[in-house]
Amino acid sequence: MIALLVASLGSAPANALNRGSGSSSVPTQHGLAQTMFRLDEQMDMYERPDLLDAALEEIPLQELHAAAEASVQANDVPGYEDGLANALVKWFKKDYFKWVDPIKCPSCGGKTEYREMGAPTAEETQGGAGRVEVHACAEGSNCSGVFRFARFNDPKALMKGPRVGRCGEFANLFCLFIRAVGLRARYVWNLEDHVWDEYFSPTLGRWIHLDPCEGARDEPLLYDKGWGKKMSYVLAFAIDGAKDVTRGYVQDWNATLTRRTRGSEEALHQVLTDVTKRRRLGLPSSEVKRLEIEDQVEAKWLSESEDRAKSPQAIDGQGRESGTADWKQERGEDGAK
Ligand SMILES: [Zn+2]
């Protein structure tokens with residue numbers, strides 16, 4: 001029924017409702033290039049002083065720094081920044097931003113059902129919402145409650161609004177929050193409809209997985225080994241370059257390669273190299289050198305992923321936390337084999 005409804009709208013993708021990332025630009029046969037250029041451009045947004053200031057008004061900095069200090073004292077984390085990232089991601093998921101589903105009727109609190117993809121209002125457009133999911137009360141004809149879930153792209157709208165979303169809204173706003181507390185941030189995109197973030201750990205000298213939907217830090221095999229998610233492309237975007245980090249997030253690289261059918265590996269590599277070169281243009285040569293050393297450390301780390309996957313981990317068979325049971329099962333993310 002939903003598929004029919006959405007299909008009748010013509011322009012929306014048939015699986016629009018399933019897309020937790022909220023992205024309407026599903027990569028096509030033309031390859032991933034356009035998605036990559038859009039995500040690279042998005043990284044400038046997280047450097048905007050007005051957004052960083054707005055984010056800092058939301059974040060309980062003192063509390064997070066105290067938690068970071070405590071986790072360093074307890075030897076729970078490699079370094080202070082890791083403790084800060086951990087405190088931030090836990091606070092964000094537990095106290096700040098909520099998963100939107102299940103959507104309750106705003107009038108009677110009862111169940112709702114998805115009605116249609118609606119056109120955004122002027123206010124919703126201002127918040128960068130290109131699409132709005134309309135969910136109507138399903139409790140009977142005497143309630144006319146409607147919840148409009150606008151897929152906002154503007155972090156300001158996400159901070160001002162009801163502070164709900166799916167992974168697209170989580171990863172977008174959280175990327176800004178990582179920057180706001182003074183850590184370096186990457187936005188990580190996965191073709192199989194998930195997005196998350198990473199921060200740079202000065203102690204470990206590399207980028208670390210940080211998923212605000214799950215409140216998870218440094219569990220890169222959570223999706224593959226935990227949820228049972230079959231991924232093909234995982235790409236990371238920073239203010240100083242873009243990278244294919246798929247290998248760090250999968251157990252079996254050769255099996256993953258067979259799923260990579262969006263254009264040649266060379267073409268993908270070329271786009272990422274071009275984006276990175278452009279991002280580093282004009283940086284002092286010492287800075288470029290430092291970034292290149294980081295690249296080498298990361299390349300080594302990525303190449304060792306399969307060995308890491310062999311050792312037992314806490315996330316083995318651990319299904320997804322965010323989302324309703326039906327939705328996770330439908331997406332094959334509930335950890336069931
Ligand atoms: Zn109702």
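**Exercise 1. Place Val164 in the fold and list its contacts.**

Step 1. Val164 belongs to strand β5, residues 164-165. Strands here are DSSP runs of E with at least two residues, helices are runs of H or I with at least four, and both are numbered from the N terminus.

Step 2. This is a predicted model, where local features need pLDDT of at least 70 and side-chain atom pairs pLDDT 80 or more, while totals for chains, interfaces and linings use all residues. Residues are numbered from 1 along each chain as its sequence is written, and side-chain values use heavy atoms, with hydrogens and water left out.

Step 3. Val164 and Phe97 are 67 residues apart along the chain. Their C-alpha atoms are separated by 5.8 Å.

Step 4. Leave out residues up to four places away in sequence. Val164 then touches Phe97, Lys98, Val100, Phe147, Phe149 and Glu169. Contact means heavy atoms within 4.5 Å.

**Exercise 2. Describe the zinc site.**

Step 1. Find the donors. The SG atoms of Cys105, Cys108, Cys137 and Cys143 coordinate the zinc ion at 2.3 Å. Donors are N, O and S atoms within 2.8 Å of the metal (3.2 Å for Na, K and Ca); water is not among the atoms, so sites may look incomplete.

Step 2. Check the geometry. The four donor atoms subtend angles of 106 to 118 degrees around the zinc ion, so the arrangement is tetrahedral.

Step 3. Read the spacing. The donor residues follow C-x2-C-x28-C-x5-C in sequence. Cys105 lies in the loop between β1 (98-99) and β2 (112-118), and Cys137 in strand β3 (residues 132-137), so the pair ties together parts that are 32 residues apart in sequence.

**Exercise 3. Work out the three-stranded sheet.**

Step 1. The order is β2-β3-β4, in an open sheet with antiparallel pairing. Two strands pair if DSSP finds at least two bridges between them.

Step 2. Find the edges. β2 and β4 (146-150) each have a single partner strand, so one side of each is left without a neighbour in the sheet.

Step 3. Look at the β2 and β3 pair. Six bridges join these antiparallel strands. Glu116 stands opposite Val134 in β3.

**Exercise 4. Trace the six-stranded sheet.**

Step 1. The open sheet runs β9-β8-β7-β6-β10-β11, with antiparallel pairing. β9 (216-217) and β11 (241-244) stand at the edges with a single partner strand each, so one side of each lacks a neighbour in the sheet.

Step 2. Count bridges. β7 (residues 194-201) and β8 (residues 206-211) are joined by five. Ser201 stands opposite Arg206 in β8. β10 (residues 234-238) and β11 share four. Leu235 has Asp244 in β11 as its bridge partner.

Step 3. Find the turn. A hairpin of two residues links β10 to β11.

**Exercise 5. Classify the packing of α3 on α8.**

Step 1. Helix α3 (residues 49-58) meets α8 at an angle of about 90 degrees, with axes 9 Å apart. Axes are lines fitted to C-alpha atoms, for helices over the stretch in contact, and angles run from 0 to 180 degrees between N-to-C directions.

Step 2. That makes α3 roughly perpendicular to α8. The class covers 65 to 115 degrees.

Step 3. Name the residues. Leu51, Leu52, Ala55, Leu56 and Glu58 in α3 meet Leu176, Phe177, Arg179 and Ala180 in α8.

Technical notes: Angles under 35 degrees count as roughly parallel, over 145 as roughly antiparallel, 65 to 115 as roughly perpendicular and the rest as oblique. Four donors count as tetrahedral if all angles lie between 85 and 135 degrees; four count as square planar and six as octahedral if opposite donors are over 155 degrees apart and all others between 65 and 115; anything else is irregular.
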